[in-house]
Amino acid sequence: MADNQVVGSAGLVSLQPGLIDSVRSTLSEQADALHRLSSHLDSVQYQKALKLIVECKGHVILSGMGKSGHVGRKISATLASTGTPSFFIHPAEAFHGDLGMITPYDLLILISASGETDEILKLIPSLRQFGNRIIAITNHSESTLAKHADATLELMMESESCPNNLAPTTSTTLTMAIGDALAVALIHQRKFLPTDFARYHPGGSLGRRLLTRVSDVMQANVPTITEDTEFRQVISAITCGCQGMVAVNDAQNQLAGIITDGDLRRYMERNAQLDSACARDMMTRSPLTLPADMMITDAEMLMQKHRVSVLLVTDKEKNVAGLVRIFD
């Protein structure tokens, strides 16, 4: 099969020559467009836009038709996840009742590359009547949308990457980038930290790592023996516990030590007489432990530092409360 042939649903399909060059060209065009936007953006308009968002007492509401709407949904989601209350509203649905979702305290970001999208422009009289402020994202600073906006963020786009200059391509990339840039600027303004981010992503891996404490994941069933436990019973306790270790308590039922598989092997290598051995002879005294309120991220770092996979969790009286395996 030739390099320019692929197997499709209709059988062998020949690709037009130069498609990979087209991919490279499109990426270069969009990179150039982003660089041009960065170099020529109107800092006064961006200052106005950021000030409007920071001062907003309600929600930052995104709206756009077609591809602009899809990008608007993404921008709204990014803002919401980084500390700016936000949601998307479809302009056509808004004009048929969803305007009731908008309060006078909300700020609207309206997206239209042409600045003349009919469904967007129809919203402006109602928004002005409600007293809402408007940020426009458009490629035409003299458009109807821009003239009715409190701040206009211009795309500075020369043309779409589409060879027909029709399909929204470069314009959606630039709009998405503007949304990301605003969100990042607001992160700096609000000193939004990873822990803040985690609060809005409790179901994600970052949220889990930053919000979870040892007590949330520790296993309560800890194999435990006493200092007088005989050698064979030590082996049995480790085997039955399935944790590769066993906790050793003293006469007051407080933690005296720990015996791991490694401790057991090392003791057996050094001692020929095993029948008379007991737990106190082979245990590691004053073992490393974790408090139940420690963050799981700190626990994992501690375990990696000491190259251990299991640590006991103890309370203030050094009573064993549970155990944690690394990456629990």
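**Note on the predicted model: pocket, core and sheet**

1. Strand E10 (255-260), helix H13 (261-270) and E13 each contribute at least two residues to the lining of the largest pocket. Helices (H or I, at least four residues) and strands (E, at least two) are DSSP runs, numbered from the N terminus. H13 gives the most to this lining, with 5 residues.

2. This is a predicted model, in which local features need pLDDT of at least 70 and side-chain atom pairs count only at pLDDT 80 or more, while totals for chains, interfaces and linings use all residues. Residues are numbered from 1 along each chain as its sequence is written, and side-chain values use heavy atoms, with hydrogens and water left out.

3. The largest nonpolar core has 27 residues, and Ile53, Val60, Leu62, Ile135, Leu153 and Ile178 are those with the most contacts inside it. Such a core is a set of buried Ala, Val, Leu, Ile, Met, Phe, Trp, Tyr and Cys residues joined through side-chain atoms within 4.5 Å; buried means under 20% relative accessible area (1.4 Å probe, protein chains only). H8 gives the most to this core, with 5 residues.

4. Val60 touches Ile53, Leu79, Thr84, Pro85, Ser86, Phe87, Leu107 and Ile109, residues up to four places away in sequence not being counted. Contact here means heavy atoms within 4.5 Å.

5. An open sheet of 3 strands runs in the order E12-E13-E14, with mixed pairing. Two strands pair if DSSP finds at least two bridges between them. Its edge strands are E12 (289-291) and E14 (320-325). E13 (residues 310-314) and E14 pair in the antiparallel sense over 5 bridges, and Thr314 stands opposite Val320 in E14.

Notes:
Buried means under 20% relative accessible area, exposed over 50%, partly exposed in between (1.4 Å probe, protein chains only).
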